[in-house]
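Colleague: Could you show me the model, so that I can ask you some questions about it?

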Amino acid sequence: MATTIDARGLSCPQPVLLTLEAISAGAEEQLVVLVDTDTSRENVTRAASSRGYRSSEVKAEDDGYRLTFTKSRP
Amino acid sequence: MEGIKAFFASRRGIIAVGLAIGVIAALLQKFGNPANMGICVACFERDMAGALGLHRAEVVQYLRPEIIGFVLGSLVAALAFKEFRPRGGSAPVVRFVLGAFAMIGALVFLGCPWRAVLRLAGGDGNALLGLAGLTTGIGVGALFLKNGYTLGRAQKTSAAAGWLLPLIMVGFLVLLLANPQVAEQAKSGVLFYSLKGPGAAHAPLFLSLAAGLLIGVLAQRSRFCTMGAIRDLLLFRHTHLLGGFLALLVAALVTNLALGQFHWGFDKQPVAHSQHLWNFAGMALAGLAFALAGGCPGRQLFMAGEGDGDAAVFVFGMIVGAAFAHNFGLASSPAGIGPNGMAAVLVGLAACLFIGFTMRKTA
């Protein structure tokens, strides 16, 4: 199972805030974040990697991106 | 293209952009912009409001090409990298009010966050009070964000909505070229021009425009944001954007020292006053408004260039706020705060707190 976050259309820093909150709340192995701007894509990717989630897939979808992150093995 | 994208998204990229902006800002001062005001988004939008006659403060009237360049440079970069996305509809009226009060707070201090660091880089100690206020205001905004504050989602919209502010900036450029400044005349065609004061101090038009365009491109690519720098540090302990903000300070400081533009002190600093409490409080108001709106005044221009209609509404709010600030005696001057500056800061803080407490996620 993957935790999915819909951050489309949200202003800075809410996409990052939602992503980090999901990670702190104990997200699954896989984390999926939907964003609608390149700024959010970069910010969320940077934030997730700072918490041990590696970007495993970036898919263009509905004028935005579906970002998939996988928890790195320690 | 991918290599360029990756560079600007990296720490080295944002630091390089901050360094470039710092050097350009200090050089603009050398070439004629007001002291410690190579770039000031708030001051320059205020000057534009004056040039258009929305306020009649004679010392601050000039249709600043830098601001036009910021929006159009961002537009060009967004189009080139396929990031132009017309969008809007995230509480525009709230963003308008936040823009107006952000401007009013900034004009009590006499500068936006960009100018706050440029003032410090020029040796103006009063900037420290402004930066402390800015950090406090952003800190309060971060608390609201942590507790579920949101202006709601923006939606994809038709192209026209994203093009309007860039097109208006093109219109301003046409006005500027069609009504050029005439020596010793306070009006040329429909535009007002300051004969003295900060509005009369400006670098040559095409130099200002080129500097604005270059910064617009760099900032769109790197997502440079002065408010975000402090917000991300307070909220997440992230220092990515802070790297760019500090690089701006260092580059402007070094350039000022090299050009003999550094003069340390609190008294008689250019376009500044030393009422410490109100320098602090004005910037606290501005910082809170920027944090609630999701970007510093520069970033709002760059986002508007990418097609963000909500950011464009914030920009209009700032321009109208500037007109109120000068028409109602809210703005400060080197002599001190305006007759109604205190009241304006208190009303602005109350308005921002009302917005912060009431705009929340609905389940």
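Below, we talk through the model in questions and answers.

Modeller: Before you start: this is a predicted model, in which local features need pLDDT of at least 70 and side-chain atom pairs count only at pLDDT 80 or more, while totals for chains, interfaces and linings use all residues. Residues are numbered from 1 along each chain as its sequence is written, and chains are lettered from A and ligands numbered from 1 in the order in which they are written.

Colleague: How many helices and strands does chain B have?

Modeller: Helices here are DSSP runs of H or I with at least four residues, strands are runs of E with at least two, and both are numbered from the N terminus. Counted that way, chain B comes to 15 helices and 4 strands.

Colleague: Why does chain B count as being as compact as a globular protein of its length?

Modeller: We take the radius of gyration over C-alpha atoms, and the globule rule is 2.2 Å times the number of residues to the power 0.38. For 363 residues that rule gives 21 Å, and chain B is close to it, so it's as compact as a globular protein of that length, with a radius of gyration of 19 Å.

Colleague: Is B:Lys156 exposed, partly exposed or buried?

Modeller: You'll find B:Lys156 in strand β2 (residues 155–156) of chain B. We count other C-beta atoms, placed from the backbone, within 10 Å: 20 or more is buried, 12 or fewer is exposed, and in between is partly exposed. B:Lys156 has 18, so it is partly exposed.

Colleague: Which residues does B:Lys156 touch, leaving out those up to four places away in sequence?

Modeller: A contact means that two C-beta atoms, placed from the backbone, lie within 7 Å. On that basis, B:Lys156 touches B:Arg85, B:Pro86, B:Arg87 and, in chain A, A:Asp63.

Colleague: Which element gives the most to the side of chain A that touches chain B?

Modeller: The contact takes 17 residues from chain A and 20 residues from chain B. On the chain A side, the elements giving two or more residues are α1 (14–24) and α2 (38–50). The one that gives the most, with 5 residues, is α2(A).

Colleague: How many bridges join β3 to β4 in chain A?

Modeller: Two strands pair if DSSP finds at least two bridges between them. β3(A) and β4(A) form a hairpin with 2 residues between them, and A:Ala60 stands opposite A:Tyr65 in β4(A). Strands β3 (residues 53–61) and β4 (residues 64–71) of chain A run antiparallel, and the number of bridges joining them is 8.
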